[in-house]
Amino acid sequence: METEAVEPGVRAGRREWLGLAVLIVPSMLAMIDLTVLFLALPKITVDLGANATQQLWISDVYGFLIAGFLVTMGTLGDRVGRRLVLLVGASAFAVLSVVAAYANSAEMLIVVRALMGIAGATIFPSTLAMINGMFKNPKQLGVAVAAWATALTGGAAIGPVVGGVLLHWFWWGSVFLIAVPVMALLLIAGPALLPNLKAPDTGRIDPLSVLLSLAAILPFIYGLKEVARTGWHLTPVLVSVAGIVFGLLFAMRQRSLASPLLDLRLFAIRAVSGALALGLLSAIIQGGASFFITQHLQLVRGLSPLSAGLWLLVPTLALVLGIFISMGLAQEVVKPAYILSVGAVIAAIGMVVLTQIGPASGLSTLIIGAVIVYVGGAPVGPMVSQIVVPSSPPEKAGSASALQSTAGELGLSLGIALLGSIGAAVYRGEISVPAPLAGTPEGDVASETVAGALTVAQNQPADVAGALVQSARSAFDNGMNAAAVVGAIAFLALALLPLVTLRHIRPFGAQEKEAKAAAEAKANIGKQPSGHDAPASAAID
């Protein structure tokens, strides 16, 4: 297979911009699939008879497998060709989406969602690495990466909206079928518009490294999810610890290989390690907040999926606006570190607003808090994307983009697990189960989650049901308040991270001016100047 070359410094033309559009849409769809089931899960539970454990796997196995295979797929794209990996993954994703839409059992849906996660893991690292290969002009690259990152961030936010609208008009399987035309577009237009870039002189993928990476990520996330669902019991804690042990073995293995699955030297680049840490920690807090917000709208406020989705449009639009404003400032005026730091403080203020949610608060309090949190977190996705891959060696573009995507995916899962466990602990401590249900299996279900309490209440006398629902919703809001307090403190601490690790990065537009000056100097003195080959987002003082 030959590698198509993209001439450095050449401005992108119509083919590249059309290729960008073809890459953005499936990337956004893959992110939508992470959150689209937030509102669809109750209907799926009823139709397929899923129990509590099956509900957890239906909701989370897709993200588990994406996170587990991102590094592998990113490295595979570097070695065999990013377009090839992307198109094969898109084909599988489309077929599996149809199968998921018509699944006739909870077990079948779990298996198909897991396979969709593996296919989806081909999309994120391949698309970002290809964008960095297609756009060599610094300013154009900044616009392209910002558009891609906006699509991903917006996709995660708009997933519940899409789910709510589709559920209003169609059955739950429709949330999966939307992938078919999107992936068809990629398969038709991709071969003509996308170069099959790959890294030269790469070795084979080490199967043991793949197994160790999966053994590290999957048990770790699963253990945390179980902690969020059932509390701090020994088994899920041991499972998470086992993941950490395998992670250490994975790191040791990478250090011993000439062609590692993950080049740990990337973490020695300050801009890469700092941006990845920021992306991971921010995703943790925002993932947990988004989970509580969507659950509150449907389970506490009792809104329909459509109504909940429409209300979520407000913070989603605020998120998109925040991205465009922050990226405009970072292009020419303000250092990214300062924007990211101020954004974290703004998000902390939004979390403080969410601590006021309760029986006496109106829906406006929730929406205002969500808007502030989303606006504060808006710069993170696009800026991290514009820092990590361009700051890495070109031959490691797939691995670097996989790391960035892994940080985001892992952060969302950790956020739901960590903040969710706080909320769950408060819920279990504060819910008051009515006497007729105390000590019964139904009472145990109601004590576990607010969704369980609402299900149990449907089969109880009016007075018992009313008392149970009121207590469950109040306990959920108290858990949400506690998680928001932790989130506010975490965001304030997070505001220091970019000032320490990313302060050396100048506004993203600075590199284009340097490139022009270098070209003029070359023309004038007839030789190549030094010191101007750093990527745009790694430009430093």
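Biologist: How many helices and how many strands does the secondary structure of the protein come to?

Modeller: In this predicted model, buried residues make up 57% of the 541 residues. Among contacts between residues at least 6 apart in sequence, 83% join residues at least 24 apart. The secondary structure comes to 22 helices and zero strands.

Biologist: At what angle do the axes of helix α4 and helix α6 cross?

Modeller: Two packed helices are described by the angle between their axes and the distance between the axes. Helix α4 covers residues 82-101 and helix α6 residues 123-134, and their axes come within 9 Å. The crossing of α4 past α6 is left-handed. The angle between the axes is roughly 145 degrees.

Biologist: Is the aromatic pair of Tyr62 and Phe93 stacked or edge-to-face?

Modeller: A pair of aromatic rings is described by the distance of the centres and the angle of the planes. For Tyr62 and Phe93 the centres are 6.3 Å apart and the planes lie at 65 degrees. Planes over 60 degrees apart count as edge-to-face, so the pair of Tyr62 and Phe93 is edge-to-face.

Biologist: Which helices hold Tyr62 and Phe93, and are these two residues buried or exposed?

Modeller: Tyr62 lies in helix α3 (residues 52-80) and Phe93 in helix α4, so the pair ties together parts that are 31 residues apart in sequence. Residues under 20% relative accessible area count as buried. Tyr62 has 0% and is therefore buried; Phe93, at 0% relative accessibility, is likewise buried.

Biologist: Which residues form one aromatic cluster with Phe291?

Modeller: The rings of Phe291 and Phe292 have centres 5.7 Å apart and planes at 70 degrees, so this pair is edge-to-face. Phe291 counts as partly exposed because its relative accessibility is 21%, whereas Phe292 is buried at 5%. The residues that form one aromatic cluster with Phe291 are Phe292 and Phe476.

Biologist: Which residues of helix α15 are buried?

Modeller: Helix α15 (residues 363-377) has 15 residues and reaches 21 Å from its first C-alpha to its last, close to the 21 Å expected. The buried residues of α15 are Leu363, Thr365, Leu366, Ile367, Gly369, Ala370, Val373, Tyr374, Gly376 and Gly377.

Biologist: What separation do the C-alpha atoms of Val334 and Phe508 have?

Modeller: Val334 is in the loop between α13 (305-332) and α14 (336-354), and at a relative accessible area of 23% it is partly exposed. Not counting residues up to four places away in sequence, Val334 touches Leu329, Ile339 and Pro507. Val334 and Phe508 are 174 residues apart along the chain, and their C-alpha atoms are separated by 9.1 Å.

Definitions and conventions:
Residues are numbered from 1 along each chain as its sequence is written. This is a predicted model: local features need pLDDT of at least 70, side-chain atom pairs count only at pLDDT 80 or more; totals for chains, interfaces and linings use all residues. Side-chain values use heavy atoms; hydrogens and water are left out. Axes are lines fitted to C-alpha atoms, for helices over the stretch in contact, and angles run from 0 to 180 degrees between N-to-C directions. Helices (H or I, at least four residues) and strands (E, at least two) are DSSP runs, numbered from the N terminus. A crossing is left-handed if the near helix is turned anticlockwise from the far one by less than a right angle, and right-handed if clockwise. The expected span of a helix is 1.5 Å times one less than its number of residues. Buried means under 20% relative accessible area, exposed over 50%, partly exposed in between (1.4 Å probe, protein chains only). Rings of Phe, Tyr and Trp (its six-membered ring) pair if their centres lie within 6.5 Å; planes under 30 degrees apart count as stacked, over 60 as edge-to-face and the rest as tilted. Contact means heavy atoms within 4.5 Å.
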